[in-house]
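Work through the exercises below with the coordinates open. Each task is followed by a solution in steps.

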Amino acid sequence: MRKKIVAGNWKMNKTLADAVVLTSELMTLTQNEVKNNAVVVLCTPFPYLLKIKEQLGNSTIVVGAQNCSEHESGAYTGETSAAMLKSMAIPYVIIGHSERRQYFGEGGALLAKKVDRALAAGLTPIFCNGEQLEIREKGSHEALVKQQTEESLFHLSPADIRKVVIAYEPVWAIGTGKTATSQQAQDMHAVIRGHIAAKYGNDVAESISILYGGSVKPDNAKELFACKDVDGGLVGGASLKARDFVDIIKGV
Ligand code: PEP
């Protein structure tokens, strides 16, 4: 059975004190709300990872990073390696978020290297793909998302691709309040899973969790997460408010 995952992406928000308050509210509110096989991940800014991890203790919530370097180690000022994250026992790392692609020029080949680093360190990459509005309007969204998946994941062995979580995030829905309909989400998740099945077989494709991201809110989470190929969500804005995030978690 595929893992259900709800990951909050805090991006570059909150002071440490505010992050601690949010975490403590989440710990209180999620008691008995996280269903059996669901995983809740808080992708915090790098400087807060250890503090929030310690605060969570052995709660059911875990932490994740928002990025890692494509390099193993060395003279790369300001960067954080996958091995460093592993040394802090951080289990998840987001790779290829559309903001990294857009503002930091990250493309498919570079992201393939980051995925490799994450897997080599024993982390679970949450690999993001998704199309911009003009691509959808041209009708090329399926082709683009297949290409993004191929470029960064299809060099992996069947055993390794099984360890990856994918987050389909249409760029036009991120932070815009414009959510994909559950039908649009389901259709794209089925396209991604079908593309993986064509290369690796059904068994591998069926084992991979594919999350939806893009203005997930308490009032649309349940319907999105009920879709056959939607295995949870990657949540930005709404993960910064404890009550909203917990209501989203309840929908999984
Ligand atoms: C995201 O940043 O991955 C995201 C989906 O943001 P939001 O939920 O705010 O659209």
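The exercises cover helix packing and the surroundings of the ligand.

The model is predicted, so local features need pLDDT of at least 70 and side-chain atom pairs count only at pLDDT 80 or more, while totals for chains, interfaces and linings use all residues. Residues are numbered from 1 along each chain as its sequence is written, and side-chain values use heavy atoms, with hydrogens and water left out.

**Exercise 1.** Describe how α1 packs on α2.

Step 1. Two packed helices are described by the angle between their axes and the distance between the axes.

Step 2. Helices are DSSP runs (H or I, at least four residues), numbered from the N terminus. Axes are lines fitted to C-alpha atoms over the stretch in contact, with angles from 0 to 180 degrees between N-to-C directions.

Step 3. For α1 (residues 16-30) and α2 (residues 49-56), the angle is about 25 degrees and the axes are 10 Å apart. α1 is therefore roughly parallel to α2, a class for angles under 35 degrees; over 145 is roughly antiparallel, 65 to 115 roughly perpendicular and the rest oblique.

Step 4. The crossing is right-handed, meaning the near helix is turned clockwise from the far one by less than a right angle.

Step 5. On the α1 side, L16, A19, V20, T23, S24 and M27 meet K51, I52, Q55 and L56 of α2, where contact means heavy atoms within 4.5 Å. This contact has 6 nonpolar, 3 polar and 1 charged residues. Ala, Val, Leu, Ile, Met, Phe, Trp, Tyr, Cys and Pro count as nonpolar, Asp, Glu, Lys and Arg as charged, and the others as polar.

**Exercise 2.** Classify the packing of α1 with α12.

Step 1. The axes of α1 and α12 (residues 242-250) come within 9 Å and cross at roughly 40 degrees.

Step 2. The two helices are therefore oblique to each other, and their crossing is right-handed.

Step 3. L22, E25, L26, L29 and T30 of α1 make the contact with A242, R243, F245, V246 and I249 of α12. By class, these residues divide into 7 nonpolar, 1 polar and 2 charged.

**Exercise 3.** Which residues come nearest to the ligand, and which distances do K11, H97 and G237 show?

Step 1. Of the 14 residues around the ligand, the nearest are K11, E169, G175, S215 and G236; a residue is near if one of its heavy atoms lies within 4 Å.

Step 2. A polar side-chain atom of K11 is 2.6 Å from a ligand oxygen atom.

Step 3. For H97, a side-chain N or O atom lies 2.9 Å from an oxygen atom of the ligand.

Step 4. G237 places a polar backbone atom 2.8 Å from an oxygen atom of the ligand.

Notes. Polar contact = N/O pair within 3.5 Å; in protein donor to acceptor, adjacent residues only side chain to side chain.
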